[in-house]
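Open the model in your viewer and keep the selection tool at hand. Each stop says what to select and what is there.

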Amino acid sequence: MEASNNILMFPFMAQGHIIPFFALSLQLQQKGYQITFLNTPLNIANLRRLLPPSSAIRLLEIPFNSSDHGLPPHSENTDSLPPNRIYDLLVASTSLKPAFTNILKGFLDAGAPPLCVVADFFFGWSAAVSHEFGIFHVIFSGSGGFGLACYYSAWINLPHQNSDSGEFVLPDFQEAGKLQVTQLTPSLVKATDDDPLSKFQIKNLTAWANADGFLFNTIEELDKVGLSYFRRKFRRPVWAIGPINLPLNGRPRAGKSGGIDTESCLHFLNSKPPSSVLYISFGSQNTISASQMMQLAKALDKSKKSFIWVVRPPLEFNINADFRAEEWLPENFKNQMENENRGVIIEKWAAQVEILSHKSVGGFMSHCGWNSVMESLSRGVPILGWPLAAEQFYNAKMMVEIAEVCVEVARGTDFEVRSEDLREKIEEVMSETGNGKEMRKKAFEIKKIIEEATSDEEGFKGSSVAAMEDFLQAPLLIKNLAT
Ligand code: UDP
């Protein structure tokens, strides 16, 4: 059978996964590969609206009915789910296996097996299925090496269970340094042998050993420590091909669009001096508590800094609720900030990359989701880290200790935030002197490292470009060996 040049992309159903997979699809397509992008019907419909009719990316539906799994109807994406139900979607996603098997079988029956399956790290099971059909399979991580290594090791070893002090070291990843129980996502702290999420995690993480290799949306020079962990652990190729960013005009939107259009936002930024505006967003699926939100608003008010803040409903409210400034924010805060041209509040979803790309943005208060981290570093913007879940705690740790471009301002949704502390940290990072200046310099150096990693000029290939070429050779080499 002829080796095709079709690559099958299969991300988990969340913006933070679909976005980097889609960005990678566009890159691979530009290199002449045919892309089939597989996802559940609602996500495919969203992408279809976004793609120009002339696009050669083939969008393919895999059947999934969230109600069959006790989830609200049409919950095919984490942004319409309250944070405490996200893990249910994860567990439910294992039900995609029979349909995925049929899809691969269909390709084979038609005489056109994909050259390679690129699957999400939550779909570890897809490696064995791909191999049943003789198809090369890699896991693509939209997370960084360091963060994912800590996450993997913490779930596999549960090291906090042997620590009385609340502090511990990961037994097989001591290079990560000391960790605290507050850096574990609550579901991990409560993990038992037989709760559904723990069962899912162990089965899934163990299945990673079946993959033929790992692609990471990261930079070798920045993330060596974490990438070495995976090389050591799995003895498989690990390719750092980042940053995989979507072009500015090609970003999928989540849920309702914000209460302010991108142009007004850019107009606000145009009116501000360079590096003077703080951008605040906690990503596509997390949010902070109501009291934390109040404290943050007060801190912004006192700091007198300009800001753009993407507000999702606080934890105690329905995540799909309409925006209620009067309940979630101090009285008259929104109007006052807007009237003074001090701050812009965006409901739920902003054009993040456009905002971060503007020269007036000088800091990013972020939950440290890896896409957000890469988007910030690629633009030389220092970070105020407020990790909320999953591997975000370790991303923040890496940004503070290794990259030295971040101040951690709070941790999780139970953290007792005081507006005065937040104000101090906001002023520290946004300052043109001292630590703020140092971090901005460091962030600018990292931006340069990232530019170099992605440069492809005569006589010079950056590390990410070389890694991508190496990856694309791998399925062909295996095929040639087999024939
Ligand atoms: N994003 C965006 N606008 C928003 C919130 C998020 O464009 O208001 C994008 C952001 O640019 C990033 C992705 O959604 O590409 C979020 O991924 P990340 O890994 O940062 O966090 P997650 O949402 O997965 O927690």
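Start with strands β1 and β4. Select residues 6-10 for β1 and residues 116-120 for β4: the two strands pair in the parallel sense over 4 bridges. Now pick M9 and look across to β4, where its bridge partner is V118. Keep in mind throughout that this is a predicted model.

**The sheet**

**Helix α9**

Stay here and select residues 224-234. Which residues of α9 are buried? They are G226, L227, Y229 and F230. Look down the axis of α9: its buried residues fall within an arc of 145 degrees, so they line one face of the helix. An α-helix has 3.6 residues a turn, so residues three or four places apart point the same way.

Show what these buried residues pack against: α6 (145-157), β8 (213-216) and β9 (238-240). Then step just past the end of α9 to R235, which takes a positive phi of about 50 degrees.

**Around the ligand**

Move to the shell around the ligand. Of its 20 residues, G16, G283, S284, G369 and S372 come nearest. Colour three helices: α1 (15-30), α14 (352-356) and α15 (370-377) each supply at least two residues of the shell. Which helix gives the most to the shell? It is α15, with 4 residues.

**Helix α16**

Select residues 392-401. This helix, α16, is mostly covered, with 8 of its 10 residues buried. The buried set is Q392, F393, Y394, N395, A396, K397, M398 and M399.

**A loop stop at P330**

Go to the loop between α12 (325-328) and α13 (333-339), where P330 is found. Is P330 buried or partly exposed? It has 17 C-beta neighbours inside 10 Å, and so counts as partly exposed; a buried residue would need 20 or more.

Now draw a distance from P330 to M294. The two are 36 residues apart in sequence and 6.3 Å apart in space, C-alpha to C-alpha. Leaving out residues up to four places away in sequence, P330 touches M294, A297 and K298.

**Zoom out**

Finish with the whole protein. Its secondary structure comes to 19 helices and 17 strands. The C-alpha atoms fill a box of roughly 70 × 55 × 45 Å along the principal axes. For 483 residues, a compact globule would have a radius of gyration near 23 Å; the protein has 22 Å, which agrees. Buried residues make up 48% of the 483 residues. Of the contacts with a separation of 6 or more, 70% join residues 24 or more positions apart.

Technical notes. Residues are numbered from 1 along each chain as its sequence is written. This is a predicted model: local features need pLDDT of at least 70, side-chain atom pairs count only at pLDDT 80 or more; totals for chains, interfaces and linings use all residues. The radius of gyration is taken over C-alpha atoms; the globule rule is 2.2 Å times the number of residues to the power 0.38. A residue is buried if 20 or more other C-beta atoms lie within 10 Å of its own, exposed if 12 or fewer, and partly exposed in between; C-beta atoms are placed from the backbone. Two residues are in contact if their C-beta atoms, placed from the backbone, lie within 7 Å. The arc is that of the directions from the helix axis to the C-beta atoms. Two strands pair if DSSP finds at least two bridges between them. A residue is near a molecule or strand if its C-beta atom, placed from the backbone, lies within 6 Å of it.
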